[in-house]
Amino acid sequence: MMIIYNIILYLLQPLILIRLLWRSRKNLSFSYWNRLSERYGFCSGKVKPNGIMIHAVSVGETLMIISFIHALRNRYPTLPITITTSTLTASEQVQKKIHTEISHVYLPYDLPGSINRFLNQVNPKLVVIMETEIWPNLIKILHNRNIPIIIANARLSNRSIIGYKKIYKFIKSILHDITLIVAQDETHSKRFIEIGAKSKQLKVIGNLKFEVNLSSELKLNIENLRKKWISNRPIWIASSTHTGEERILLSAHSRLLNDFPDLLLILVPRHPERFLLVEKIVKQSHLQYILWSKNIIPLLDTKVLIGDTIGDLILLYGMADIAFIGGSMVQCGGHNPLEAVIHSLPILMGPYIENFEYICNSLQKEGVLIIVNNESMLVQHIKTLLINTNYRKKCGQIGLNFLLKHQGVTQRLLHILEKYIST
């Protein structure tokens, strides 16, 4: 099976290169192309060997590990750390938000030659992969080199299980080469066992996404921004939106404006390549809008602010009274609501929440998260929350208490890693 897997990977390389070139041209930048050598394991001079390697595939995982990286560096100030990502936007966030002494490169494609070349240069004493990245060659080669590999904050969706079960024997053999799988909760732990992992490989310590916090600098930025914006203006934010959601949200906003004429919607698409398209959709709605990237203060006639940057979402949450979390009105599985919860915001989501099942179900039981199945339900619940200030604030406070109660995962993970780092 591994031979077939590798043949397919090699055959796909021309298509992958064409796709990289196309994305570079589409984004009017050769950022996708300029560091192509890293994707084939050439990173000489860019990494410090004999340390720990941490892989965070995209922006969500990258933002999640920031506090963990800081804690790791505080505990092991001389330990070389290499962070790998797979996407351009994640790479930009690493360079923007994480200490410059920490090395960063793209994780190579999962080709035997590329992985071996990469590991010869990094030579890590430990590899930590965040969430669900299972790369067969990477895992096999690390196992053969006796380098421990840990899947941290591990999760598996029901959809993933269906796919993995089709190649059960193959994925089982790969999983058995993983040193430890540190799952978010018991549900995800059982799912890994269902696809072949051994129970002795599993440990449950909680979800790193609960470790979100507000720095003093961020609080000051929010406070200064609020002074510039119109005071007491009601604001709701729709974050991490996907194709098919923006038109629903804009229609709902137009209806809400009939009762709340000074209401502002902060609309933040999930993917930067959709920023221009979403701006076009907003323009078609005939609502007055501005772009966050232009650094313009929204006036009273501004009805929509489009969040067209990466990494500013947690700041924009601080300006809102209510949050809708996207990827949940369409079948994308939803996105992380906790960055909104840390701001004491009540949460609304659509019915598709399987990516954050435990968190969303728990918040729903606490009365913090409201599931809305359609536009009319969304409008009605936002109306209720805007009218009833005490109810809105109570929901937000309950959510914040719930989040704080589940923190401490970083220290538990550091404790687990200690025996691998110290050897």
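Is N123 buried, partly exposed or exposed? In this predicted model, N123 has a relative accessibility of 36% and therefore counts as partly exposed. N123 is placed in the loop between α6 (112-122) and β4 (126-130).

**Positive phi angles**

N123 is a residue other than glycine, yet its phi is positive. The values are set out below.

| Residue | Phi |
|---|---|
| N123 | near 45 degrees |

S344 belongs to the loop between α15 (338-341) and β13 (347-349).

**Helix α13**

Helix α13 spans residues 275-284, and its buried residues are F275, V278, E279, I281 and V282. Viewed down the axis of α13, these buried residues fall within an arc of 160 degrees, so they line one face of the helix. An α-helix has 3.6 residues a turn, so residues three or four places apart point the same way. The face of α13 turned away from the buried side carries the exposed residues L276, K280 and K283. The cover over the buried residues of α13 includes the helix α12 (246-257) and the strands β9 (264-269), β10 (289-291) and β11 (304-306).

**A nonpolar surface patch**

M1, I4, I8, L12, L15, I18 and I167 make a nonpolar surface patch of about 650 Å². One of these residues, L12, lies in helix α1 (residues 2-26). L12 counts as partly exposed because its relative accessibility is 35%.

Definitions and conventions. Residues are numbered from 1 along each chain as its sequence is written. This is a predicted model: local features need pLDDT of at least 70, side-chain atom pairs count only at pLDDT 80 or more; totals for chains, interfaces and linings use all residues. Side-chain values use heavy atoms; hydrogens and water are left out. Patches are made of residues with over 30% relative accessible area and no salt bridge: like charges are joined within 9 Å, nonpolar side chains (Val, Leu, Ile, Met, Phe, Trp, Tyr) within 5 Å. Accessible areas come from the Shrake-Rupley method with a 1.4 Å probe; for residues, only the protein chains shown count as cover. A salt bridge is a side-chain nitrogen of Lys or Arg within 4 Å of a carboxyl oxygen of Asp or Glu. Helices (H or I, at least four residues) and strands (E, at least two) are DSSP runs, numbered from the N terminus. Buried means under 20% relative accessible area, exposed over 50%, partly exposed in between (1.4 Å probe, protein chains only). The arc is that of the directions from the helix axis to the C-beta atoms. Contact means heavy atoms within 4.5 Å.
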